[in-house]
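Good morning, and thank you for coming. Please look at the structure on the screen while I take you through some of its local features.

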Amino acid sequence: MIDTTKFSLADFMKSEDKNIMELAKEFWEYKEDYVRRRHYQYRRVSLTGSGPTMKIIDHYTGQVKEMINLASNDYLNLTKHPRTIKAGIEAVKKYGTGAGSVPLLGGTLDIHVELEKKLAKFKGCEDALIYTSGYGSNLGTISAILHEKDVAILDMYVHASIIDGCRNTNIEFFRHNNMDSLEKVLKKVKDKYNTKLVIVDGVYSMDGDIAPLDQIVEIAHAYGAFVMVDEAHATGVIGKNGRGTPEHCNVEGKVDIVAGTLSKALGAVGGFIATNKELVNYLHFYSRAYMFSTAPTPQATASLIEALNVIEEEPELRQRLWDNIRYFRENLLKLGFNLGNQQTAIFPIIIGDDYKVKEMCRELHEAGIYVNPVFYPAVPRRLSRIRISLTAGHTKEHLDRTLDVLEHLGKKYGII
């Protein structure tokens, strides 16, 4: 039996002397020790779908357990909004369960075009295209436009899909949200590459902070670089009208490429790229993730169109989300927890000790509170954390119950 206190996930990523089946067997033993210690908080099977609370099958008891769900990215609870559900059902009845082909050949439906036009307008761009996943939109776009004579200039905290999209090009990193570091890198690469693309997240998924996009655009453009922002955790959440980071930073129409998922605040699944019409046309033919993937399902597409309508017509959902964010943040800070630079619906409760994170998450699970543990190698060991995300549907009772348990555990484990 492998002792999980002596190994990390990084130890099983590759091996110089084992084949993949041997490595997988060792990792199975690692997982079994996780389970034995009741630290395994992954793939908890939900019986009710996303929501402020949900019923799961408990790994350890085999019983149905109702939990406060603080692990969802469904920020506005649109996965179960009556309007998005109705739109999806009507689309299935009209178009069937699938698109039947890749979008460039026989799979483009009129509602795909409608969604793309709506996304482009929502993001202040000329045109857009949709992918079947947010991961695919980043991977497919970046790999299509950056090659051996180009360079990607990345914030060191960008999402894995962005890094994976850069495997066939050159990469330079700058320190997180540090404009001096960005400018230093831009000076370094100024005359060396054909295309220079600065890529950042609008809202960072592990820290909940916001990119200073106005400064990034100004600096990048001054050095002849383009800017791409991933709006996965920003769309529907920040900006006066929920249009994301460009709106929040007053640079709508100035960002060269706006990317994002359709699976978080928009409540369905997929990804998108919004940019100028010429680049969208180019991606139709050269983005392999778009070209060789069957077009998004009619149900998801129709639900997403309606989700954008809801965001525009029901701003009270975003207001409720921000009421919860302010309340929860104020009380966590009052208790003495370290939240780093958290600014949005994502709360990193920084613990700095992998074992304490595992134990606290075990006790939170037992108390009926569903959170995510995050530790090395996803973050440095000194920044291991409990990741919590809030939604508009959480009540003060949900938040107060969570705060009470966190206060107890924070004191028990010497965090506060």
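I begin with a definition: a crossing of two helices is left-handed if the near helix is turned anticlockwise from the far one by less than a right angle, and right-handed if clockwise. Before I apply it, please note that this is a predicted model, in which local features need pLDDT of at least 70 and side-chain atom pairs count only at pLDDT 80 or more, while totals for chains, interfaces and linings use all residues. Residues are numbered from 1 along each chain as its sequence is written, and side-chain values use heavy atoms, with hydrogens and water left out.

Helices (H or I, at least four residues) and strands (E, at least two) are DSSP runs, numbered from the N terminus. The crossing of H4 and H12 is left-handed. Contact here means heavy atoms within 4.5 Å, and the residues making it include Leu-115 and Phe-122 of H4, and Ile-305 and Leu-308 of H12.

Let us turn to the aromatic rings. Rings of Phe, Tyr and Trp (its six-membered ring) pair if their centres lie within 6.5 Å; planes under 30 degrees apart count as stacked, over 60 as edge-to-face and the rest as tilted. By this rule there are 11 aromatic pairs. One of them, formed by Phe-12 and Tyr-30, is tilted, with 4.8 Å centre to centre and 45 degrees between the planes. This pair links distant parts of the chain, since Phe-12 is in the segment before helix H1 (20–36) and Tyr-30 is in helix H1, 18 residues apart. Are these two residues buried or exposed? Both Phe-12 and Tyr-30 are buried, where buried means under 20% relative accessible area, exposed over 50%, and partly exposed in between (1.4 Å probe, protein chains only). Phe-12 and Tyr-30 also belong to one aromatic cluster with Phe-7, Phe-27, Tyr-34, Tyr-40 and Tyr-42.

I come now to the backbone. Most residues other than glycine have a negative phi, and most peptide bonds are trans. Arg-38, however, has a positive phi, near 60 degrees; Arg-38 is placed in the loop between H1 and strand S1 (45–46) and is partly exposed, with a relative accessible area of 35%. Asn-177 also has a positive phi, of about 55 degrees, and lies in the loop between strand S6 (170–174) and helix H7 (179–189). Finally, a cis peptide bond joins Tyr-376 and Pro-377, with omega about 10 degrees.
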